[in-house]
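Subject: Structure handover and findings

Hi,

Here is the structure for your set-up. Please look it over first; my notes follow below.

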Amino acid sequence: MTLRLNFNGIVQGIGFRPTAQRLALEYNLCGQVKNSGGNVEILVTGNSQALDIFVQRLVSMFEIKSYQSESVEDMSFDGFKIVHSSRDNALPFITPDIATCKDCERELRNSGDRRYRHPFISCVNCGPRYTIINSLPYDRENITMSPFEMCDDCRKEYTTPENRRCHAQTIACKECGPETNISIEKAVEILKDGDILAIKDIGGYHLACKAESIDSVKKIRALKGREEKPFAVMFSSVDEIEKYCFVNDKERELLTSPARPIVLLDKKKDFDTSVCGESDYIGAFLPCNPMQIMILDSVSPLVMTSANVSGEPIITDDRKIEKFGVAILSHDREILTPLDDSIVKVTAGRTQFIRRARGYVPLAIEIDKTAKKDTLCLGGDLKSAFAFHRDKYVFMSQHFGDLEDADAFDCYKKNISRFADLHSFKTEKIVADSHPNYYSSNLYNNDMTVQHHKAHVASVIAEHRLKGDVLGFAFDGTGYGDDGAVWGSEVFLFNSGEKSFERLEHLQYVKMIASDEISKNADLALDCYLGGNELIDKAIENNINTVNSSSMGRLFDAVSALLDIKHYNNFEGECAVSLESVAKRAKKYYPISVSLNPKEILTEIKNSPCSKEETALGFHMMICRLISELCEKYRNIYGVNQIALSGGTFNNKIITENTIKLLEKSGFDVYINELVPCGDGGLALGQAYISALEG
């Protein structure tokens with residue numbers, strides 16, 4: 001009996017073909033296996049029972065989205081072989097970059113192994129994938145390892161079915177693989193001396209120095225133009241992280257996962273303020289590649305931050321890194337796309353993405369709405385990320401930053417083309433944010449626009465595949481409203497039958513100065529709410545350069561300024577983060593009246609008899625109670641029990657955890673973003689969902 005099998009899913013770059021070969025030999029089956037575009041095709045002959053077990057084991061061992069099996073005319077094969085790949089237009093699921101596996105780590109540290117201290121050790125289970133793929137299928141000639149011809153020893157491993165490196169496309173050793181410009185020992189020496197080192201990693205360069213080298217930390221801030229925003233810190237082990245941070249089981253799981261994201265952890269003890277600033281968290285992560293492992297074995301912990309001027313893409317070009325004027329550890333394997341470290345945190349036992357990038361991109365998100373055409377969803381301009389939607393899968397890009405930066409916008413455009421080419425997307429429909437002045441919205445002739453906050457709510461509905469009506473809350477700093485106002489505290493009813501979003505509630509509009517400065521200067525926001533600044537008052541009175549705003553983000557800024565906590569956002573959300581930090585220190589809170597009138601809220605805060613800590617917590621809890629009361633109100637009216645929370649405000653742990661607690665206690669089913677950021681990095685997913693709703 002001969003079967004033709006076609007497997008669709010995560011089947012390339014993870015050892016599917018050699019596994020199929022080993023299983024076939026185990027069950028005395030003959031045939032062949034090959035990559036076919038983004039899928040794997042198998043022709044296999046044997047008895048029916050063995051064939052059934054063969055297929056079942058493959059399906060159980062890998063993330064198979066679907067597979068097809070058909071009987072064909074009996075064929076004769078000489079054994080079971082891996083044969084040359086072909087290309088088709090089937091939907092591919094490309095593997096993300098995978099952290100060094102435990103087996104490779106052991107070999108890396110074993111002085112008796114031929115890959116001892118080899119900076120590019122990898123196997124079928126680990127190593128770079130997405131960042132080095134030129135085209136599919138995923139074969140040596142189609143990745144940036146193609147210039148490195150295998151030595152005889154590597155070739156033997158590559159062709160031996162029982163070997164862990166059988167058909168490992170990144171296979172290499174010291175004799176035949178990429179080379180570094182300086183030794184790892186020299187790199188360690190530079191760092192131990194307290195100097196800065198630029199390190200070429202999987203998705204681009206990092207700037208690194210010892211966390212206790214304060215002068216070097218400050219110099220990195222100057223080089224990046226990053227005055228206040230906390231730096232991530234790389235540690236050699238979870239045990240070392242636990243000296244500085246509290247780590248729960250979920251956080252440990254994330255830290256040690258193949259994605260190796262930065263995890264925001266509560267501080268146990270702190271570094272100098274130059275490292276993490278005033279943040280309550282340390283962005284901790286573990287080494288994800290052999291060079292990092294060897295360096296951190298010798299010098300740890302390290303400040304490890306992307307090598308770029310703040311707001312620009314991470315640098316991948318060997319020549320551009322020289323502008324920083326620091327020591328460089330580089331190598332001669334090309335990086336095809338810039339990819340930052342992913343950032344996550346655990347809130348109410350759920351994973352929240354701050355940034356979705358290395359280790360997760362370009363994994364697809366399956367939703368229950370099918371795209372009738374290949375759809376490009378452009379996301380937004382801040383924390384930009386685009387997506388392609390085909391069938392029921394949404395393929396999210398990595399984070400690109402603010403498209404107002406010319407280099408970020410250029411990188412965004414280039415990666416749309418690269419992403420489409422890799423996945424064979426045709427771009428038959430284009431969807432953008434409804435903001436008329438977004439760079440992303442003006443890049444193409446769009447077929448459809450989606451209102452910003454509706455996309456936020458839709459992103460939660462999409463990833464959780466919710467059925468029925470949903471009450472959605474989209475709280476953030478800014479988004480272009482259907483009426484031309486600046487929205488940011490929106491409550492929608494998603495009517496699943498009518499496939500519509502009805503705006504039910506929002507903070508009362510306040511006239512604000514229409515300038516970029518309003519999102520940075522908290523005192524300016526406060527003046528717009530409460531008055532007292534003669535110049536601002538006259539501008540508002542005479543409608544000079546003003547806009548109506550229901551922004552939740554600006555309300556947080558105003559509270560921060562009013563309580564004399566932080567008056568200026570040196571980076572996005574800094575005032576809100578500082579306000580949350582102060583609120584965490586309170587043991588009780590001042591009960592502020594629930595209101596949708598910002599002026600009433602701020603007046604009550606201004607007259608608070610309590611400490612700033614208790615008042616700050618009172619403001620947070622008022623927002624939680626406000627959401628809870630609105631949920632009760634609309635459950636009584638519409639019978640809706642499913643609640644979706646999205647938008648940058650829900651990065652606030654106090655707000656999110658206490659809101660979930662209040663709502664679940666009242667019997668609501670509460671959902672937040674767990675596969676994409678709740679901020680603007682998740683907009684493209686919501687755009688895909690709404691686009692598919694409308695056909």
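Which residues are linked in a network of salt bridges? They are Asp-103, Arg-106, Glu-107, Arg-164 and Arg-165. A salt bridge here is a side-chain nitrogen of Lys or Arg within 4 Å of a carboxyl oxygen of Asp or Glu.

Ground rules before the rest. This is a predicted model, with local features needing pLDDT of at least 70 and side-chain atom pairs pLDDT 80 or more, while totals for chains, interfaces and linings use all residues. Residues are numbered from 1 along each chain as its sequence is written, and side-chain values use heavy atoms, leaving out hydrogens and water.

Salt bridges

The whole structure holds 40 salt bridges. In one of them, Arg-164 pairs with Glu-107, with the closest N and O atoms 3.1 Å apart. This pair links distant parts of the chain, 57 residues apart. Arg-164 sits in the loop between helix H4 (152–158) and helix H5 (184–192), and Glu-107 in helix H3 (residues 102–109). Helices (H or I, at least four residues) and strands (E, at least two) are DSSP runs, numbered from the N terminus. Arg-164 is partly exposed at 21% relative accessible area. Glu-107 is buried at 14%. The cut-offs: buried is under 20% relative accessible area, exposed is over 50%, and partly exposed is in between (1.4 Å probe, protein chains only).

Arg-350 and Glu-664 form another salt bridge, 3.0 Å from N to O. Arg-350 is in strand E14 (residues 350–355) and Glu-664 in helix H19 (residues 653–665), so this pair ties together parts 314 residues apart in sequence. Arg-350 is buried at 14%. Glu-664 is partly exposed at 42%.

Lys-414 bridges to Asp-410 at 3.2 Å between the closest N and O atoms. Both lie in helix H11 (residues 406–423), four residues apart, about one turn of the helix. Lys-414 is exposed at 55%, and Asp-410 is partly exposed at 33%.

A buried charge without a bridge

Asp-340 lies in the loop between strand E12 (327–329) and strand E13 (343–347). Asp-340 is buried but has no salt bridge. The nearest side chain of opposite charge is Arg-355, 4.5 Å away. For charge, Lys and Arg count as positive, Asp and Glu as negative; His and the chain ends are not counted. Beyond four places in sequence, Asp-340 touches Ser-306, Ile-314, Arg-355, Ala-357, Arg-358 and His-399. Contact means heavy atoms within 4.5 Å.

Helix packing

Helix H13 (residues 522–530) packs on helix H17 (residues 598–606) at about 110°, axes 9 Å apart. That makes H13 roughly perpendicular to H17. From H13, Leu-526, Tyr-529 and Leu-530 make the contact; from H17, Pro-598, Lys-599, Leu-602, Thr-603 and Lys-606.

Helix H12 (residues 452–464) and helix H20 (residues 683–694) pack at about 80°, with axes 7 Å apart. H12 and H20 are therefore also roughly perpendicular. Axes are lines fitted to C-alpha atoms, for helices over the stretch in contact, and angles run from 0 to 180 degrees between N-to-C directions. Under 35 degrees counts as roughly parallel, over 145 as roughly antiparallel, 65 to 115 as roughly perpendicular and the rest as oblique.

Best wishes
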